[in-house]
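Open the model in your viewer and keep the sequence panel beside it. The stops below can be taken in order.

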Number of protein chains: 2
Amino acid sequence: MITQRPVETFLDELASGAPTPGGGSAAAIMGAMGAALISMVCNVTIGKKGHEAVEPEMKSVRDESEKLRVRLTAMVAEDVAAFDGLMAAYRLPKATEEEKSRRAMAIQTSLLAATETPMACARACAQVVALSKRAAEKGYAGVISDAGVGVLSANTALRSAGLNVYINVPSLRDRAYAEAATAELEQLLDTCARESELVFEMVRSRLG
Amino acid sequence: MITQRPVETFLDELASGAPTPGGGSAAAIMGAMGAALISMVCNVTIGKKGHEAVEPEMKSVRDESEKLRVRLTAMVAEDVAAFDGLMAAYRLPKATEEEKSRRAMAIQTSLLAATETPMACARACAQVVALSKRAAEKGYAGVISDAGVGVLSANTALRSAGLNVYINVPSLRDRAYAEAATAELEQLLDTCARESELVFEMVRSRLG
């Protein structure tokens with residue numbers, strides 16, 4: 001599993017001319033780092049003197065961000081699999097009519113997977129952005145900058161995953177799905193662009 | 001070394017209530033991922049048919065982004081060391097006047113290191129943003145979304161490193177240094193906010 005490799009090895013593979021891992025995997029890692037930082041803010045706040053009143057909420061935010069972190073971490077490998085699947089479909093033989101038709105179907109199936117994977121990443125990142133607001137508002141001030149880095153990571157992961165949706169939707173034959181995915185993505189991008197800047201400003205003002 | 005640990009272990013440590021690694025290390029990893037993705041775009045373009053004319057420039061961009069990747073990867077551990085050093089200084093004894101004065105000096109030395117580390121990260125990320133423009137303009141269209149993820153990562157890493165500068169400068173006694181660092185940071189933030197959105201738009205338009 002790619003996320004069991006050392007950070008440096010992952011970075012070497014990202015930098016190489018091999019097609020995977022690429023931006024989709026980087027997006028999933030940024031999303032997972034965002035979720036991890038929100039968990040960190042909650043974990044530091046839980047049990048901190050003077051923060052007893054927010055403890056139940058910090059626990060609930062942490063439980064949600066940890067679930068999202070697990071999902072986003074799994075998406076690093078899922079993105080590699082989706083992209084490799086798409087490349088394999090494009091390499092299928094196309095000498096006869098039957099081969100051509102089988103290849104076209106395989107490409108469509110793989111394109112759907114290669115669109116759904118970054119869509120799932122985008123949705124999870126939007127949830128991390130929403131959680132970051134609660135962490136930034138109520139978390140211990142000593143780690144509030146970590147909530148700021150968390151929200152920026154999550155929003156950038158969302159925009160990055162979005163690029164991988166935009167690459168694939170033009171080739172999808174299922175136009176109803178393509179349009180619905182694009183519309184959903186654009187709503188997530190709009191909402192989170194606004195939300196993440198508000199959270200970032202809140203963090204900046206709490207830093208003094 | 002922290003970057004020799006598996007990606008999943010790094011994420012577990014980031015999420016934990018331990019003070020390090022935190023947002024500063026996450027910023028350095030985002031910067032290193034940004035540099036890695038710029039290298040990837042260049043590596044895929046080098047040797048690609050029809051891209052012979054841009055090959056010398058792609059090699060030069062790749063050599064620079066690889067140097068920045070090495071530096072940013074090293075900053076993951078440097079950020080941990082700087083933060084741990086600062087925490088250690090705050091824990092020094094302060095019973096006598098001599099102890100108080102020695103502690104205050106140690107805190108100032110550590111604060112300088114804990115400001116210079118994210119400043120170095122911010123500078124390196126600004127260079128990655130500048131390189132991303134050349135990669136996005138001239139890189140092979142099939143991996144252009146990776147240049148988009150790269151520029152977003154690098155700019156977000158810069159903003160994240162910036163938060164770690166803002167935390168520390170108010171406590172610095174060397175006001176001339178503090179003001180110079182803040183002014184330099186703000187210039188980097190302004191320039192790269194504009195540049196990175198231009199590169200992102202260029203990528204979006206090349207995606208069709």
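The tour goes from one chain to the interface, and then to some local details.

This is a predicted model, in which local features need pLDDT of at least 70, side-chain atom pairs count only at pLDDT 80 or more, and totals for chains, interfaces and linings use all residues. Residues are numbered from 1 along each chain as its sequence is written, chains are lettered from A and ligands numbered from 1 in the order in which they are written, and side-chain values use heavy atoms, with hydrogens and water left out.

**Stop 1**

Select chain A and colour by secondary structure. Chain A has 6 helices and 0 strands; helices (H or I, at least four residues) and strands (E, at least two) are DSSP runs, numbered from the N terminus. The order from the N terminus is α-α-α-α-α-α. Along the principal axes, the C-alpha atoms of chain A fill a box of roughly 75 × 35 × 25 Å.

**Stop 2: the interface**

The contact (heavy atoms within 4.5 Å) takes 51 residues from chain A and 51 residues from chain B. The area buried between the two chains is about 4,300 Å², with 68% given by carbon and sulfur atoms. Buried area here is the accessible area (1.4 Å probe) that two parts lose on being put together, summed over both. Select V7(A), R159(A) and L163(A): they supply 15% of the area that chain A buries against chain B, more than any other three residues.

Next, look at the polar side of this interface. Between chain A and chain B there are 19 residue pairs in polar contact, both residues at pLDDT 80 or more. A polar contact is a pair of N or O atoms within 3.5 Å; within protein, one must be able to donate a hydrogen and the other to accept it, and residues adjacent in sequence count only if both atoms are side-chain atoms.

The largest share, 13 residues, comes from helix 5 of chain A. By class, this side of chain A has 27 nonpolar, 15 polar and 9 charged residues. Ala, Val, Leu, Ile, Met, Phe, Trp, Tyr, Cys and Pro count as nonpolar, Asp, Glu, Lys and Arg as charged, and the others, Gly among them, as polar.

**Stop 3: salt bridges**

A salt bridge is a side-chain nitrogen of Lys or Arg within 4 Å of a carboxyl oxygen of Asp or Glu. The count over all chains is 28, and between chain A and chain B it is 4. Select R69(A) and D12(B), which form a salt bridge with the closest N and O atoms 3.0 Å apart. Then select E55(A) and K59(A), whose side chains meet in a salt bridge at 3.5 Å, N to O. Both lie in helix 3 of chain A, 4 residues apart, about one turn of the helix.

**Stop 4: K94(A)**

K94(A) is in the loop between helix 3 and helix 4 (97-138) of chain A. Not counting residues up to four places away in sequence, K94(A) touches E99(A), K100(A) and R103(A).

**Stop 5: the cis peptide bonds**

Select T20(A) and P21(A), which are joined by a cis peptide bond with omega about -5°. P21(A) is in the loop between helix 1 and helix 2 of chain A. In chain B, the peptide bond from T20(B) to P21(B) is cis, with omega near -5°.
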